[in-house]
Amino acid sequence: MKVVIAPDSFKESLSARHAAAAIARGVRQAVPDAQIVCIPMADGGEGTLDAVLSAAGGARKFCRVLDASGSERQGAWGLLEDNTAVIEMATAAGLELVPPAFRQPMTACSHGVGQLIKAALDARASRIILGLGGSSTNDGGAGMLTALGARFLDAEGLALAPGGAALVRLACLDTSGLDPRLQDVAFEVACDVDNPLCGASGASQVFGPQKGASADQVRELDLALETFANVCAAHLGVDLRDCPGAGAAGGLGFSALAFLRATFRPGVEIVAETGGLEAAINDATLVFTGEGRLDAQTLRGKTPAGVARIAQRAGVPVIALAGALGDGYEALYGCGVTAAFSLTSGPMTLASACANADGLLADRARDVMRMWVKATIDLT
């Protein structure tokens, strides 16, 4: 029996690698001689760098960057053997880096993402995979572009302050100083959302509250991004604000489209391709996947849906494990998930569930495998 284990991370509790190891432990408790293949997954957000390096090898690199609040920290990125750089924007400007009480959505800046890109350029990367997701910023990627040499000026010709709110005063965009090496690099954005930049489905209104923005701040940020989009449209001669994915990572997707000439792909596809997931699944008996929460949104490019679709093409059943099963998770049955299970074994707090996720995940995988083996024997 061959079992492929391909989960995403379980936020605030387990990385994808540790989640895969926990599931594997449970499978072995039930079926000691099972052939187990672990392929930790991600969809462009947190854990993308770890997942790609785990699957494809390569070197982890480090450089000093500014985080979303302007404090210096060590940022990480990866360089694969084929000269592809892997950058996870959340390692420089991620929401999980900022405690809830200290989140500042109006001034949070993506400058550190640009610094990671510069480090990749210095290493002569010919291709850059840029993972978008888990951001604490809402600045449209202005900070990233500033780090790469662009200038954002107000009506008096003065440089704008960092952060999304300041973009409402944007009058002039000067891109003459953008790093010329950007022209020689192919950017591929790994992204799990298709939101536009502005409006009801845009970066500010959909994701701003998750980053600590009040209702009034959401409106201000949306207006600021609209101003940014207007100036960029005049500067470029084309309006990209409504392109799918422009609203990803607080609008950083917009700047990736407009100024890095990036192509967009679902992050789970990129990680699956790098890790050889399809080949591993083709002769598998069963696939496990999962993440912290399964609901109707999981269908929109999240890891479990992507893994299930690959398995569905191969005719292999899929078990999804999650910390919680939310509204509409049953829609996953249509894309290849055979059954889904919550980890909790009884009433418990979120903090307790997160603290005990490793054991809960192993227990659930063990129980599923015991049921699977028994059903298989009875059917034969």
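Let me begin just after helix 8, where Arg261 adopts a positive phi of about 55°. Helices (H or I, at least four residues) and strands (E, at least two) are DSSP runs, numbered from the N terminus. The model is a predicted one: local features need pLDDT of at least 70, side-chain atom pairs count only at pLDDT 80 or more, and totals for chains, interfaces and linings use all residues. Residues are numbered from 1 along each chain as its sequence is written, and side-chain values use heavy atoms, with hydrogens and water left out.

Most residues other than glycine have a negative phi. Asn83, in the loop between strand 4 (72–79) and strand 5 (84–88), has a positive phi near 75°. Arg124 lies in the loop between helix 4 (111–122) and strand 6 (127–131), with a positive phi of about 65°. Arg124 counts as exposed, because its relative accessibility is 70%; buried means under 20% relative accessible area, exposed over 50%, partly exposed in between (1.4 Å probe, protein chains only).

Returning to helix 8 (residues 248–259), 11 of its 12 residues are buried, so the helix is largely enclosed by the rest of the structure.
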